[in-house]
Structure formats: structure tokens, C-alpha cells
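Please keep the sequence and the model at hand while reading.

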Amino acid sequence: MIHKLVELVAKVKRVLQGWGVISASKEEVKLLGSVGSPFVIRVQIALKLKGIEYKYVEEKLGYLSETLLNYNPVYRMVPVFVHNGKPISESRVILEYIDETWKQNPILPNDPYQRALARFWSKFIDDKCVAAAWKSVFMPNEKERSQASKELLEALQFLENELKDKFFGGKEIGFVDIAALFIPLFQEVAEFQLFTSEKFPKLYKWSQEFYNHPIVKEIMPSKDQQFAYFKARAESLAAPSK
């Protein structure tokens, strides 16, 4: 229901701008990304949930533009979000900025304690789940892969225990859900069984609800596009060791 309301509000706004009742927005909103990147998808979902129009600029992994390198000289990677000429990098930081700048349809809770918990679990996902998932597949050493898989299952158990509702954000998608999209995406694209309905029933059900959400389905690239990103990413990580 919320995404339909967002689309309706955006449509009414465009009509009113056309009639000259309200002035057209002079804001520059731009996203530099690569198709298939889970971190870019995070930002795209947040923008869609908020009903924010933006310009998307595709960056080719391994051949990043001078514009992106100038915007993000520290990490030299996507996503980079540009608002009125000011660049912001790191997907979780971008999500918080978007939520603080555009107040409609908040993705972070209003309560300070709940906001802190959302930040904690989103960081936990990146530190404990995303990193371990990558290592479980792409580490050349079998012993290291096995250890990473063990660490990942332990981290997923924490998330299983934390999930209390349809989504981590309650009845609607929130900050932690957006951060956690990497987990079912990795399972789907890499065909790596992170969890099953028997071992992690709540996470499994959450993943189905999340991927069937209208906005997520609209934003999510095709499986082939996602696989191409993972393959290119794996090759770029392996390149220095050759």
C-alpha cells in the first residue's frame, strides 16, 4: 500500500508542477552504480520507497570513471550518491542520509533506541554475514572457506533470533531489511545455500516476503545481471593474487 501511495504523491506533484502551482525541484539527485551490485541495490530500494526521482549513472566494474574516482577517492567503488553536487559513499551511510533528508516513509525507526539497534544489526550484517559469505565462496583455501562457512551460520543464527515480525522493520521494509538483502541475493545468484526453511525458518520466510515485495521485484536486476556482477567482483578480488 505504501509504495502505491508514494507513486500517487509523486504523480500529483508532477501534475501540480506542470500547472505551475508548485515550483519544480531544483535538486540534483544522482546515483553512480553498477548493475547487480547489492550495495547499489540497497540505495535504489531506499530511493524507490521514498519516491525520490534520480539520475542513474552506470559504472563498469574494473573501469571506473574519473568522475567516480574524484567523488570517492578513498574507497574507489560504487555506490556513490550525489545530492546537489555533494558526493556520499558507503551504502549504509547513504541510506541514513536519504532517510534524514527526505522524511516521507522513514526506513529508520523514530525511537532513538530502536534506531541504534537498526544501525547495530545493519553493521553486523556487513561485518559478519557479507564478509563471511564472500569468503565461503571465493577463498581459494578450503580450510579458510570451511571456517568462513561456520562463522556465517553462527551469524545467521543471531539474525534468526532477532527477527520478530514479517520484516526486521516490522510490517514494512526498513533499514535492516535493506541491509540484509545481500543474504538471500547471494543464495539465489551464487547458488550457495546459506539457509534452509528447516534450519532457519524465520529467515527463510523473510527472504520470500522480501523478494516478493513489489518495490524489491521492480528494482532487482535479472539473475544473469546479478551473476555477471558477482563473477566480475570475484575476478577483481582474485586479480592481485595472480
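## What covers helix α4

The buried residues of α4 have a cover that includes α2, β3, β4, α5 (112–138) and α7 (175–179), where helices (H or I, at least four residues) and strands (E, at least two) are DSSP runs numbered from the N terminus. Those buried residues of α4 are Ser91, Ile94, Leu95, Glu96, Ile98 and Asp99; buried means under 20% relative accessible area, exposed means over 50%, and partly exposed lies in between, with a 1.4 Å probe and protein chains only.

This is a predicted model, in which local features need pLDDT of at least 70 and side-chain atom pairs count only at pLDDT 80 or more, while totals for chains, interfaces and linings use all residues. Residues are numbered from 1 along each chain as its sequence is written, and side-chain values use heavy atoms, with hydrogens and water left out.

Asp99 has its place in helix α4 and counts as buried because its relative accessible area is 6%. Leaving aside neighbours within four places in sequence, Asp99 is in contact (heavy atoms within 4.5 Å) with Lys50, Asn105, Pro106, Ile107, Leu108 and Arg115. With one of these residues, Leu108, the geometry can be given in detail: a polar atom of the Asp99 side chain lies 3.2 Å from the backbone nitrogen of Leu108. A polar contact is a pair of N or O atoms within 3.5 Å; within protein, one must be able to donate a hydrogen and the other to accept it, and residues adjacent in sequence count only if both atoms are side-chain atoms.

Glu100 is also found in helix α4, which spans residues 91–101, but Glu100 counts as partly exposed because its relative accessibility is 41%. Once its neighbours within four places in sequence are set aside, Glu100 is in contact with Arg115 and Arg119.

Four strands form an open sheet in the order β2-β1-β3-β4, with mixed pairing; two strands pair if DSSP finds at least two bridges between them. The edge strands, each pairing on one side only, are β2 (55–58) and β4 (86–89). Neighbouring strands of this sheet are turned against each other by 20 degrees on average, direction ignored; axes are lines fitted to C-alpha atoms, for helices over the stretch in contact, and angles run from 0 to 180 degrees between N-to-C directions.

Strand β1 (residues 29–33) runs parallel to β2 and is joined to it by four bridges. Along this pair, Leu31 stands opposite Tyr56 in β2, and Gly33 stands opposite Glu58 in β2. Helix α2 (residues 38–50) lies across β1, β2 and β3 (80–83), and runs at about 155 degrees to β1. Together, β1, α2 and β2 make a right-handed β-α-β unit, a crossover being right-handed if, with the strands pointing away from the viewer, the path from the first strand over the helix to the second runs clockwise.

## The chain as a whole

The protein chain has eleven helices and four strands, and buried residues make up 41% of its 242 residues. Among contacts between residues at least 6 apart in sequence, 68% join residues at least 24 apart.

Helix α11 (residues 223–238) holds Glu235, which counts as partly exposed because its relative accessibility is 43%. Glu235 and Gly62 are 173 residues apart in sequence and 9.7 Å apart in space, C-alpha to C-alpha.
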